[in-house]
Every structure is written in C-alpha cells, then in structure tokens.
Amino acid sequence: MEENNGRVVIAAVNEILIDKVFSCSVNLSSRGIVHFIEQLIIVSAAEISGDSKRGITGVGSTRNVSDSTKKAGTTHGDGGPRIFSLQRLVEVADYNMDIRPRICWVQMWELMSNHFARLGCHENAMVSMFAIDALRQMSFKFLEKPELSDFHFQRLFLRPFLQIMENTGSREDVREMVLRCLDNM
C-alpha cells in the first residue's frame, strides 16, 4: 500500500519540484527555516523508525527483495529505515550555511545537531554511519569559515561528536569512525 502511494506521488509530482522545495529554503525567514527544519527532523525520525534490524531502504538493503521490487529498482516500503529526509536535511543545511546569520544558524544547528547525535548512536549501523558521515561533511564545510572573535560556533558545531562519544550505548565501530572524522579535521 505504502509503496503504491509512493509511486502515485512520484508519478504526479515532478522530481525537480520536490528538489525545489528544499533548495528554495534559502528564501524562508529566520523563523520559517527553523520551523522547516523542525518538521523535516520529525519526518526524518519517522522514516528512520522503520525496522532498525534491516538495511536502509533504497541503499542496498541486505534482505531478500521480491522480483517485482527488484524490477522497480527500489526497496522503499520494505519496512527498513529510510533516509530520504535525513539526506534532505543535510542539503538544506548546505544551502543555508553561507546565507544565514550565525545567530539563526545557532537555532538551526541546535535542532540538527541533536538529531544527528541521536542517529549517530542508532542501533542500525548503516543509519549511524550515515549520520556521522553527514556530520563530518557539514563540519568540514563549516570549519573552513573564519570564526568571529566573540563567537564560538565551531565548538558548538563539534558538540554532536562529543555527544556520540559520551553516549554509553555507542558501539565501538561508531566511536572509531568519530575519532577518524575528528583526526581528519
């Protein structure tokens, strides 16, 4: 049922228009972008709350897939965690990073960093590794920016890595990946 609904939506809505929803987030007000990110995080959390024992849908699921699904070229709807909105959250962050005042970024990053820190400790290795890799990519980009004298945003930007390391439920492979990310910065 969910897979059929997805196909109907994809057939009815041009993919370029979907992309435009996220790329045009740069036109939102400061309050608007914060609300947009809040809602995108809610959708992302709902997508990821699928069966965490399976692979990420659409990203090489490890379970057997039916012939009809193989022909369609997707594994959406099979119950595994989905990362579409998480990927879009990274894109929205990238689009808005250079145009938002830092005070707005603090609000945006507070929401996003908590979400990424939670996902960095997710029981599904694929989800946690994707979240840490996304943090790494955004950190590299942001740390290239010069720090303002009375602003300590770079430290704030690295806080999710610390939260992942301090979480007693973090797996060893996750902690190793965090250390590799920090070592490369």
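Buried means under 20% relative accessible area, exposed means over 50%, and partly exposed lies in between. The model shown is predicted.

**Close-up A. Asp19 and Arg88 join two helices.**
The side chains of Arg88 and Asp19 meet in a salt bridge, at 2.7 Å from N to O. Arg88 belongs to helix H5 and Asp19 to helix H2, so the pair ties together parts that are 69 residues apart in sequence. Asp19 has a relative accessible area of 30%, so Asp19 is partly exposed. Arg88 has 8%, so Arg88 is buried. Glu91 joins in as well: Asp19, Arg88 and Glu91 are linked in a network of salt bridges. Side chains of opposite charge can pair when their charged atoms come close.

**Close-up B. Asp98 and Lys141 form a salt bridge.**
A search of the whole structure finds 6 salt bridges. One of them joins the side chains of Asp98 and Lys141, at 4.0 Å from N to O. Asp98 sits in the loop between H5 and H6, and Lys141 sits in helix H7 (residues 125–143), so the pair ties together parts that are 43 residues apart in sequence. Asp98 has 52% relative accessibility and counts as exposed. Lys141, at 29%, counts as partly exposed.

**Close-up C. Arg171 and Asp173 form a salt bridge.**
The side chains of Asp173 and Arg171 meet at 3.1 Å, N to O. Asp173 is partly exposed, with a relative accessible area of 32%. Arg171 is partly exposed too, at 25% relative accessibility.

**Close-up D. Phe22 and Phe84 form an aromatic pair.**
The count comes to 5 aromatic pairs. Here Phe22 and Phe84 pair edge-to-face, with 6.4 Å centre to centre and 75° between the planes. The pair links distant parts of the chain. Phe22 is in helix H2 and Phe84 is in helix H5 (residues 84–97), 62 residues apart. Phe22 is buried, at 8% relative accessible area. Phe84 is partly exposed, at 36%. Phe36 belongs here too: Phe22, Phe36 and Phe84 form one aromatic cluster.

**Close-up E. Trp105 and Phe157 form a tilted aromatic pair.**
The ring centres of Trp105 and Phe157 are 6.3 Å apart, and the planes are at 50°. Trp105 lies in helix H6 (residues 102–120) and Phe157 in helix H8 (residues 153–166), so the pair ties together parts that are 52 residues apart in sequence. Trp105 is buried, with a relative accessible area of 1%. Phe157 is buried as well, at 0% relative accessibility.

**Close-up F. Helix H9 has a buried face.**
Which residues of H9 are buried? They are Val174, Met177, Val178 and Cys181. Seen down the axis of H9, the buried residues fall within an arc of 100°, so they line one face of the helix. The face turned away from that buried side carries the exposed residues Glu172 and Asp183. Now check the length. H9 (residues 172–183) has 12 residues, and at 1.5 Å a residue they should span 16 Å. The end C-alpha atoms are 16 Å apart, which agrees.

**Close-up G. Val9, Val13 and Leu17 make a nonpolar surface patch.**
The patch covers about 240 Å². Val13 lies in the loop between helix H1 (2–12) and helix H2 (15–23). Val13 has a relative accessible area of 33%, so Val13 is partly exposed.

Key:
Residues numbered from 1 in each chain as written. Predicted model: local features only at pLDDT ≥ 70, side-chain atom pairs only at ≥ 80, totals over all residues. Heavy atoms only, no water. Patch = residues over 30% accessible without salt bridge, like charges linked within 9 Å, V, L, I, M, F, W, Y side chains within 5 Å. Areas by Shrake-Rupley, 256 points an atom, 1.4 Å probe, with all protein chains shown as cover. Helix = DSSP H or I, 4+ residues; strand = E, 2+ residues; numbered from the N terminus. Buried < 20%, exposed > 50% of the residue type's maximum accessible area, 1.4 Å probe, protein only. Phe/Tyr/Trp six-rings, centres within 6.5 Å; stacked < 30°, edge-to-face > 60°. Expected span 1.5 Å × (residues − 1). Arc of directions from axis to C-beta.
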